[in-house]
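Here is a short report on strand pairing and chain contact. Please keep the structure open while reading.

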Amino acid sequence: MLLSPEETEAVALSLSIAARSVAFNLPFAIAVAWLLTRAQFAGRTLFDAFVHLPLVLPPVVVGYLLLVVFGVRGPIGGWLYEHFGIRLAFTSTGAALATAVMSFPLVVRAIRISLENVDRGLEDAARTLGAGPIDRFASITLPLMAPGILAGAIIAFAAGLGEFGAVITFAANIPGETRTLPLALYTALQTPDGDAMAARLAAISLSLGLAGLLIAEFLSRLMRRRLGR
Amino acid sequence: MLRVELRKRRGNFTLDVAFSAPTPGVTALFGRSGCGKSTLISLIAGLLPADGGRVTVGEDLLFDGTRHVSVDARHRRMGVVFQDARLFPHLSVRANLEYGTRRLAREAARPIAFDDVVSLLGLEGLVARRPHQLSGGEKQRVALGRALLAQPRLLLLDEPLASLDMARREEVLPYLERLRDAFSMPIVYVSHQFDEVLRLATRVVLLDAGRVVADGDIATVSRDPRLRAIVGPDSVGAVVAGHVERVDASGLAGVRVGDAEVTVELDGAVVGQRIQIQVLARDVIVASELPRGLSVRNVVAARVVSVTPDAGRSVMVELDIGGASTLLARVTARASDELALVADKRVWALIKAVSLRGHAFGVPAA
């Protein structure tokens, strides 16, 4: 099955945006998972609910809120544009940001479960052996969370390939910039004689999603075996 | 010398304990499950904050509640071995062993060498493996090695054998004996199995409901009625200590205990070695006259110290066998009456050699 240049572009863009969204996600998701699992603070429940909001909000609402905050006239977007000339709305980086926000709760969930399964007794043992808090996190906690982090990353990547509502609202449907697989599919459906292209794009989406899930399962088995579980 | 004085309240449980552990030697913290032994270890190691008290090792102050001194656990240099080994599953045995060593200051002394620990604990074939490929006993040996290689000033062993079956315990105990004899540091050994204490410790701190109820050398504590309550009537027996005087070819050793020489079964005994023996109270026969023509190897002259009521229809007779050594004998109340056992009466204590097992401590200076 040969792809047209347009289709290749959409696939490449989807892969790139999904990968960048994962990169955005991970550091924050690890920090938030740690806060929600280990830290005691006022308003924890509210914070937990806030983190999970993208799961229940219509994606269009998320895209709209991103425009309000990160648009060139928004408080953060305006500041970024003024001081660094960085524009997020209607760019591929913006699409990656929108994708990241949508998949954030999924990643936090996966990482949080793996952190809850880390035996605190191992951290105590490391402490009696002379390891400080950051050292303990880096040498014991983080490696033991690795299967969860990996699973979270792959799920986010696979889901990120198909993010539609938030992306089209915040980053629009610009060919070569923000027209990812689902946006290209949507566009094809709006075009006369686009049926064949839509079918091909749907098939590609399906294969990519399936491959992502299979790779996730394979890698997490491999890691578990290395940890002897 | 480790000196501990600690207080901690948890819900309606209060721990309030003071004891010391000399250098070298094993001090056993003995008590039922739930008496606060493991909590105490966490407090000493600094893994749990204490409400008050003081912890010192030699001249070093590690915790003082009134002066608000509390050295972080990672700087206390206490080697802790937990009941569940707690090896790092993502690291090889070698990396586990080196974990503490790698975190020492560059200028810190390293008197305990990797190769010595590996050979002492028999870890030669294990260093390349991963923790999940080890048996329970092997895991505990690696955990001991890991604690030692962090160059600690003392060891806190929190029921290291409790999660092992009988066969695995027997496999690890000789290594604990070797470790005790090889390193000159205080070792605190938490246990609720008296046979482990007998093999390893010379001092016993008896804990009950968060308090120290008895504290002293093992011979004294072994006769304490509060210990009897914990170990159960069938395991009651005085511990006596002595030195090997003779060894014969059949594996029997003559051990000087007080004024008597006691014959015991002892594998690989060396003349001069210190031996601890527990003489179970139910294995001691009391005779008012010197008996003849018996198979019993040990007939020891004794003086009755006291006769106290015991469980059921029996009495517990405390017997002084000279040289500050004391035995316990459980006899029926009727036998006690017929022999007219009263304080200061001269009697003979009969003990079958095969009922005794000696436990060796250290190797005598050549």
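**Strands β15 and β21 of chain B**

Strand β15 (residues 274–280) of chain B runs antiparallel to β21(B), and four bridges join them. Strands are DSSP E runs of at least two residues, helices are H or I runs of at least four, and both are numbered from the N terminus. Arg274(B) stands opposite Phe361(B) in β21(B).

**Model and numbering**

This is a predicted model: local features need pLDDT of at least 70, side-chain atom pairs count only at pLDDT 80 or more, and totals for chains, interfaces and linings use all residues. Residues are numbered from 1 along each chain as its sequence is written, while chains are lettered from A and ligands numbered from 1 in the order in which they are written.

**The five-stranded sheet**

β15 and β21 belong to an open sheet of five strands in chain B, ordered β14-β13-β12-β15-β21 with antiparallel pairing. Pairing takes at least two DSSP bridges between two strands. At the edges lie β14 (260–265) and β21 (358–361) of chain B, each pairing on one side only.

**Strand β16 of chain B**

Side chains alternate along β16 (residues 284–287) of chain B. Val284(B) and Val286(B) point to one face and are buried (20 or more other C-beta atoms within 10 Å of the residue's own, placed from the backbone).

β16(B) runs antiparallel to β20 (residues 346–351) of chain B, joined by four bridges. Ala287(B) stands opposite Trp348(B) in β20(B).

**Contact between the chains**

Chain A gives 15 residues to the contact and chain B gives 21 residues. Contact means C-beta atoms, placed from the backbone, within 7 Å. On the side of chain A that touches chain B, α6 (120–128) and α7 (133–160) each supply at least two residues.

Technical notes
Contact = placed C-beta atoms within 7 Å. Buried ≥ 20, exposed ≤ 12 C-beta atoms within 10 Å, placed from the backbone.
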